[in-house]
Each structure stands twice: as structure tokens, then as C-alpha cells.
Amino acid sequence: GCRTLVVDEEIPPDNVKRFDWAILWEFVRPQLLALIGAIILAFGAAALNIQIPLMLGDLVNVVARHMREQAGHYMRDIKAPAMKLLGLYGLQGLLTSGYIILLSRVGERVAADMRTTLFTSLLRQDVAFFDANKTGQLVNRLTSDIQEFKSSFKLVISQGLRSATQTVGCFVSLYVISPKLTGLTVVVLPCLVGAGALFGSFLRKLSRKAQEQVAKATGVADEALGNVRTVRAFAMEDRELEMYAAEVQKSAVMNETLGTGISVFQGLSNIVLNCIVLGTIFAGGSLMARNDMSPGDLMSFLIASQTVQRWECAKSLNLHLILHII
């Protein structure tokens, strides 16, 4: 049978256990075929995302040529790249839908197995275990914690695969389009990713503390409601209310701080990304003036570089906020 998800003694808050990948494998193994299918479809969707900027560049080149030369038949020339682009959009949509469906199936079945195994383990614990652990915290493990893990599991796989594939593929495309602009991007992007990683690490700590505070407030409420007769007998309603309100207020402050941090991160990311776009247009325009680059190539470079930058920024924030549970 699956190894237990519950320990026999209460773990101090500062002693966070490391995630056991062997336990996760026991739950994922029955869904391995569906997971492999989702991975293949995700790689396919990411590969198509690499081709789309190049096709958009071809479209722009057709438009620019007709604006400059006023020769040829516009609809005839633009039909082929437009139809290819529509085909790529349709196929990308199908692949994206397919891997999301498969990942949803895997996530739901893994979460169901986890809940069943965890509940089985709880039922087999000694009475002393329930004396050391509050019922509200145990129920949170069955509900909210596994729900968060399920959502994070699907998001990490989907974003991780797409981010890795598109980052590598887009860098190759960028180098093919313009080695000079790619050199500038390679200099700037690591600085952006490094700053995002540091900020994301800070937000991860805030997220963990906020989650622990929510569990603490839930424990206070569970203890009061579970011993309501004793509370009534000693007229301790006001005291329990004060204790619960204090814990809830701490939780609200922590979550507000976390929200502020996320908003600052997103705002700074938008500013930096827009500045990179401006710099790319400035440098690309200089190359176009020397006939070293076509308008379509500049368009393709902008879209491909934005794809890399968006994924790297999202990875710096989302994965640092998500992976604290594993």
C-alpha cells in the first residue's frame, strides 16, 4: 500500500519536512500514461508557439513589401502565410485543450487517492495523535492543502514544460532572426530573471507564513467550537472571540502584505518588459535603417522575445509561490 502521509507526532512550525518524491511517485504511477500524453501534447503546443512569431513576420513582410512597392496582388501573396498561421492557431488550440484535459484528469485522480490514503491513515492513528493535533488542522490537510497541491501540480507541469520548451526554442529563433539583437537580449534577460527569482523567494516566504497563520486561526476556532460547553460554562465567549479575531487580523495583514508584494512585482515586471520592447524597437530600427533586418524579422523578434520574457517572469513569481507546498 501507499506510504502514510501523516506523521505520528506534531511537527514544530520551524521544522518543515522535505517533500518525499517517492510518495508522490506512488500516487502518480497509476496515471503515468495520461501524464505522458499530456507532456507530449504540451511539448507540441510549445513547439507551435515557436513557429507563430515567424509566420507573423512573414505576414508583416508581405504587407511592408506591398506598401513599399505597390506591386503584385496583395490577397494572393498574403493568402498562403495567413492560411498557415490559421492552421497553426487551430492546431495549437487542439493540443492545448488536449493536454489541459489530461492534466486535469491526472490531478483529480491523484488528489482523490491522496485524500483517501490520508483519511485512512488518520483513522488508524492513536488517540494521543488527536490530542496533539487539532481537528481543524487535520481537516485542512484533507481539503485545502490537497486542493492547493492538485492545482499546483497541474500548473507546475504545464508551465514548466511550456516554459522550458519555448525558452530554448525562442532563443534559437531569435538567434536565427538577428544574432546582434539576441546578444543584447542575452545580456538583459538573466538580470531580469535573477531579480525576479529573488523577489519570488521573498514572496514565497510570505505565502508560507500566511498559510500557517490561516491554519492557526482555524485551529483556534476549532478548539472553541469543539469545547463549546466548557466555553459556555466558564463564560469565555468574549475571550475566545478576541483570540480568534486577533489571529484572523494577523492573517489578513499577512495576506495584504503578500498581495502588495505580488502587485509590486507585476508592476515592475510590466515596466521592465515595456522598456525592453522600446529598446528592441530602437535597436531593431537602427538595423533596419542599414538594411540588416526586415520589418517582418523585427516583428518576429519582438513577439518571440516577449514570449521568453513573459514565461521567465511568470516562472519567477508563480513557481516560487506554488512550490512552497512541496
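Q: Why is Thr116 called exposed?
A: In this predicted model, Thr116 has a relative accessibility of 51%. Exposed requires a value over 50%, so Thr116 counts as exposed. Thr116 sits in helix 3, which covers residues 74–123. Its C-alpha atom is 8.8 Å from that of Leu142, a residue 26 places away along the chain.

Q: What makes Gly98 count as buried or exposed?
A: Gly98 has 17% relative accessibility, and the cut-off for buried is under 20%, so Gly98 counts as buried. Gly98 also belongs to helix 3.

Q: Why is Gln31 described as buried?
A: The relative accessible area of Gln31 is 9%; buried means under 20%, so the label applies to Gln31. Gln31 is found in the loop that runs between helix 1 (21–28) and helix 2 (32–69).

Q: Which residues is Gln31 in contact with, leaving aside neighbours within four places in sequence?
A: They are Val106, Arg109 and Val110. Contact here stands for heavy atoms within 4.5 Å.

Q: How many aromatic pairs does a search of the whole structure find?
A: There are three aromatic pairs. One of them is formed by Phe129 and Phe130, with 5.5 Å centre to centre and 85 degrees between the planes. The centres lie within the 6.5 Å needed for a pair, and an angle over 60 degrees counts as edge-to-face, so Phe129 and Phe130 form an edge-to-face pair.

Q: How do you know which label, buried or partly exposed, belongs to Phe129?
A: Phe129 has 5% relative accessibility and counts as buried, because buried is anything under 20%.

Q: Why is the pair of Phe199 and Phe265 called edge-to-face?
A: The ring centres of Phe199 and Phe265 are 5.6 Å apart and their planes stand at 70 degrees. With edge-to-face set at over 60 degrees, the pair is therefore edge-to-face. This pair links distant parts of the chain: Phe199 is in helix 6 (residues 179–226) and Phe265 in helix 8 (residues 237–289), 66 residues apart. At 24% relative accessibility Phe199 counts as partly exposed, whereas Phe265, at 6%, counts as buried. Ring pairs also join Phe199, Phe202 and Phe265 into a cluster.

Q: What makes helix 6 and helix 8 roughly antiparallel to each other?
A: The axes of helix 6 and helix 8 cross at roughly 170 degrees and come within 9 Å. An angle over 145 degrees counts as roughly antiparallel, so that is the label for helix 6 and helix 8. By class, their contact has 27 nonpolar, nine polar and six charged residues.

Methods:
Residues numbered from 1 in each chain as written. Predicted model: local features only at pLDDT ≥ 70, side-chain atom pairs only at ≥ 80, totals over all residues. Heavy atoms only, no water. Phe/Tyr/Trp six-rings, centres within 6.5 Å; stacked < 30°, edge-to-face > 60°. Buried < 20%, exposed > 50% of the residue type's maximum accessible area, 1.4 Å probe, protein only. Helix = DSSP H or I, 4+ residues; strand = E, 2+ residues; numbered from the N terminus. Axes fitted to C-alpha atoms, helices over the stretch in contact; angles between N-to-C directions. Parallel < 35°, antiparallel > 145°, perpendicular 65-115°, else oblique. Nonpolar A, V, L, I, M, F, W, Y, C, P; charged D, E, K, R; others polar.
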